[in-house]
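Subject: Structure handover

Hello,

Here is the structure you asked to look at. Please open it alongside this note.

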Amino acid sequence: MSCMSRHYETQDYYFELAKQKGFNARSVFKLQEIQEKYRIIKKNHHVLDVGCFPGSFLQILSTWVGKDGQVIGFDIKKTKDLGLDNVKTFVADVNDAEEVQKQIKGLTSKNFNIIISDIAPNTTGTADYDQYQSILLNEKVLKLAQSNLCLGGDMILKIFQGSDFNEFLAKLKKSFKKIKIFKPKASRARSSEIYLLCYNFKRKP
Ligand SMILES: C[S@@+](CC[C@H](N)C(=O)[O-])C[C@H]1O[C@@H](n2cnc3c(N)ncnc32)[C@H](O)[C@@H]1O
């Protein structure tokens, strides 16, 4: 079997598995791998999911945090009602910090234990450009964390790794005590995407 056909089989495998299990997207398996290895999300946690559409992270987070936890998600695209009591969503652009903050405050008065972002720009195929757009979005998520994450809380970010990556990593290190880099198996091998596990939020830089 050629590498190419093996690659497509892997992609089909996660796509079909998501369909079979009733998940709205294959992305869920990336978060599941992170959770199986690192156990970051706990029962009763209050979680923010940035870039949540079509909602597969929300579906699995809902079960992990349980009935006394809560998950709030937002995206520029409207997420269909998932029928889950502990999940709420709204529509907003992460670049509009004022609107995002207003919507969050309308839904909760508590800071989050965990912020997860699977946000991704529309890709153009020009790697440098796409990676830079990914960094810009993640800069906004970091700002959001600085106002909405509990001290000691954790953050999981998806990022396209490129030439601006080290500079952004240095910024994250000012706000979090420990950062791990993780590439899930369910992530496309040719994609530059990785996940950053940012532990123990300490302070605004
Ligand atoms: C890979 S998808 C997320 C999949 C999701 N984690 C799931 O499990 O279903 C990335 C999302 O980022 C969203 N996004 C991109 N730019 C955004 C922005 N400026 N503000 C909010 N969401 C954005 C896209 O609309 C898209 O739904």
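Below are the findings, grouped by region.

This is a predicted model, in which local features need pLDDT of at least 70 and side-chain atom pairs count only at pLDDT 80 or more, while totals for chains, interfaces and linings use all residues. Residues are numbered from 1 along each chain as its sequence is written, and side-chain values use heavy atoms, with hydrogens and water left out.

Helices (H or I, at least four residues) and strands (E, at least two) are DSSP runs, numbered from the N terminus. Helix H3 covers residues 56–65, and nine of its 10 residues are buried. Buried means under 20% relative accessible area, exposed means over 50%, and partly exposed is in between (1.4 Å probe, protein chains only). Among the buried residues of H3 are Phe57, Leu58, Ile60, Leu61 and Trp64. The buried residues of H3 pack against helix H2 (28–38) and against strands S1 (46–50), S2 (70–75), S3 (87–91) and S4 (112–117); contact means heavy atoms within 4.5 Å. Gly66 follows H3 and has a positive phi, near 75 degrees.

Phe23 sits in the loop between helix H1 (3–21) and H2. Its relative accessible area is 19%, so Phe23 counts as buried. Leaving aside neighbours within four places in sequence, Phe23 is in contact with Ala18, Val28, Phe29, Ser56, Gln59 and Ile60.

Helix pairs

Two packed helices are described by the angle between their axes and the distance between the axes. Axes are lines fitted to C-alpha atoms, for helices over the stretch in contact, and angles run from 0 to 180 degrees between N-to-C directions. Angles under 35 degrees count as roughly parallel, over 145 as roughly antiparallel, 65 to 115 as roughly perpendicular and the rest as oblique.

The axes of H4 (residues 97–107) and H5 (residues 127–148) come within 11 Å and cross at roughly 40 degrees. H4 is therefore oblique to H5. On the H4 side the contact is made by Val100, Gln101, Ile104 and Lys105, and on the H5 side by Leu144, Ser147 and Asn148.

H5 and H6 (residues 165–175) have axes that come within 11 Å and cross at roughly 5 degrees, so these two helices are roughly parallel to each other. H5 contributes Ile135, Asn138, Glu139, Leu142 and Gln146, and H6 contributes Phe165, Phe168, Lys171, Leu172 and Ser175.

Cysteines

How many disulfides does a search of the whole structure find? The search finds zero, a disulfide being a pair of cysteine sulfur atoms within 2.5 Å. For Cys150, the nearest cysteine sulfur is that of Cys198, 15 Å away. Cys150 is partly exposed, at 23% relative accessible area, and Cys198 is buried, at 1% relative accessibility.

Backbone points

Most residues other than glycine have a negative phi, and most peptide bonds are trans. The bond from Phe53 to Pro54 is cis, with omega near 0 degrees, and Pro54 is in the loop between S1 and H3. Arg39 has a positive phi, near 50 degrees, and lies in the loop between H2 and S1. Asn200 also has a positive phi, near 65 degrees. Asn200 is in strand S7 (residues 193–201) and counts as partly exposed, at 30% relative accessibility.

Regards
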